[in-house]
Amino acid sequence: TVTLVRLGRPHGRDERGSVSTELVIATPLLLLLIMGVIQFALWQHARHVMLAAAQEGARAARAQGATAEDGRVRAQDYIGRIGPDLVSGAIIDVDRTIDEVTVTIRGQAVNILPGIPLRVTATSVGPVERFRSP
């Protein structure tokens with residue numbers, strides 16, 4: 001008696017092309033995930049740049065004899081030097097009272113994923129410098 005053993009493909013359905021199908025599905029998802037990570041990093045960087053600009057504006061407006069306009073100009077200059085393409089539509093509000101300076105910057109981070117507006121807000125508060133006689 002001769003027994004034939006069948007080598008090769010197992011019994012069941014044909015799986016040719018399954019790797020190509022998986023690759024077609026997985027590649028766009030992987031690219032979207034990578035772009036999402038990059039977008040998050042750009043948003044975080046924009047937040048840090050705007051916070052640094054708000055702090056710089058508050059430093060300028062806190063000085064004795066300075067005005068709120070001095071703080072606004074310094075913050076605008078800082079954003080223009082450090083992140084001109086990183087933040088768009090920056091609105092800088094400076095409120096200087098007798099005791100305190102508040103600088104708030106609102107804008108939008110650069111966007112590489114369409115349809116997702118990434119708004120960024122940064123605020124810095126500090127006391128106004130005053131010299132008093134002892």
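**From fold to core to surface**

Among the elements of this predicted model, strand 2 has the highest mean pLDDT, at 96, while helix 1 has the lowest, at 91. Across the whole protein the average is 87, and 87% of the residues score at least 70.

Now for the layout. You're looking at 2 helices and 3 strands, and read along the sequence they run α-α-β-β-β. Contacts between residues 24 or more positions apart make up 55% of those with a separation of 6 or more. Of the 134 residues, 25% are buried.

Next, step inside. In soluble globular proteins, nonpolar side chains tend to be buried together. Here the largest nonpolar core has 21 residues, and the members touching the most others are Ala46, Met50, Ile92, Val101, Val103 and Ile105. Both helix 1 (18-62) and helix 2 (68-82) supply at least two residues of this core, and so does each of strand 1 (87-96), strand 2 (100-109) and strand 3 (119-127). Helix 1 gives the largest share, 7 residues.

Val101 is worth a stop. Leaving aside residues up to four places away in sequence, its contacts include Ala58, Ala61 and Arg62, along with Val94, Ser124 and Val125.

One nonpolar patch on the surface is formed by Leu30, Leu31, Leu33, Ile34, Met35, Val37, Ile38 and Ile112, with about 700 Å² of accessible area together. Take Val37, which sits in helix 1: it counts as exposed because its relative accessibility is 54%, and the cut-off for exposed is over 50%.

Key. Residues are numbered from 1 along each chain as its sequence is written. This is a predicted model: local features need pLDDT of at least 70, side-chain atom pairs count only at pLDDT 80 or more; totals for chains, interfaces and linings use all residues. Side-chain values use heavy atoms; hydrogens and water are left out. A nonpolar core is a set of buried Ala, Val, Leu, Ile, Met, Phe, Trp, Tyr and Cys residues joined through side-chain atoms within 4.5 Å. Buried means under 20% relative accessible area, exposed over 50%, partly exposed in between (1.4 Å probe, protein chains only). Helices (H or I, at least four residues) and strands (E, at least two) are DSSP runs, numbered from the N terminus. Contact means heavy atoms within 4.5 Å. pLDDT is the predictor's confidence in each residue, from 0 to 100. Patches are made of residues with over 30% relative accessible area and no salt bridge: like charges are joined within 9 Å, nonpolar side chains (Val, Leu, Ile, Met, Phe, Trp, Tyr) within 5 Å. Accessible areas come from the Shrake-Rupley method with a 1.4 Å probe; for residues, only the protein chains shown count as cover. A salt bridge is a side-chain nitrogen of Lys or Arg within 4 Å of a carboxyl oxygen of Asp or Glu.
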